[in-house]
Amino acid sequence: NIGAAMTGGVAYFLEGAEMDARDEDERLAAMQRRLNPGTVRAKRITSTIGKQFLKDLIQEHYDETGSTNAKGLLDDWDAALGRFWQIVPPSEESNENVADDEVTAANRAAAAAAAAASSNSTAAVTV
C-alpha cells in the first residue's frame, strides 16, 4: 500500500532485474498494484532536474556508505535510471523533480511573467 497518507514529497522505487523482460505496460501495472491509487501515482523520471536529483542522491549515499549497490547503479546510470519509479502525490505534480521539462519551463515562464506584471503594476505615489 505504497503512498497511503502520502501528502507531500516524492518517493523513489527501484524495480528488480526480474522486471527487465516485461514491457513497460506490464511494469507499470505491477507498480500500480502496490500503490494507493487514491493518494499517489507512479511515473518514470522524465525531467532533467529530476534525473540529476536522483543521481546526486545515490552519489551522496555511495559517498557516505560505500554501498556496492549504489556504485553499480552509478556505473550503469542510463540502464539504472530506466528501472526507477517516482511515487508522486498530486501536491507534487509541478515540482521540478517530477514535472516534465516542458512543464517546468512553462511554470518558470509563467512565474517570470507574473513577477514582471506585478512589478509593472506597482506605482509610486508622491504627495
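**View 1. Ser67 is buried, at a relative accessible area of 16%.** Buried means under 20% relative accessible area, exposed over 50%, and partly exposed in between (1.4 Å probe, protein chains only). This is a predicted model, in which local features need pLDDT of at least 70, side-chain atom pairs count only at pLDDT 80 or more, and totals for chains, interfaces and linings use all residues. Residues are numbered from 1 along each chain as its sequence is written, and side-chain values use heavy atoms, with hydrogens and water left out. Ser67 sits in the loop between α2 and α3; helices (H or I, at least four residues) and strands (E, at least two) are DSSP runs, numbered from the N terminus. Not counting residues up to four places away in sequence, Ser67 touches His61 and Tyr62 (contact: heavy atoms within 4.5 Å).

**View 2. Helix α2 (residues 48–65) packs with helix α3 (residues 68–75) at an angle of about 140°, the axes being 9 Å apart.** This makes α2 oblique to α3; angles under 35 degrees count as roughly parallel, over 145 as roughly antiparallel, 65 to 115 as roughly perpendicular and the rest as oblique. Axes are lines fitted to C-alpha atoms, for helices over the stretch in contact, and angles run from 0 to 180 degrees between N-to-C directions. On the α2 side, Lys55, Ile58, Gln59, His61 and Tyr62 meet Ala70, Lys71, Leu73 and Leu74 of α3.

**View 3. Ala70, Leu73 and Leu74 are the buried residues of α3.** Seen down the axis of α3, they fall within an arc of 95°, so they line one face of the helix; the arc is that of the directions from the helix axis to the C-beta atoms. These buried residues pack against β1 (11–14), α2, α4 (77–81) and β3 (84–88). The face of α3 turned away from the buried side carries exposed Thr68, Asn69 and Asp75.
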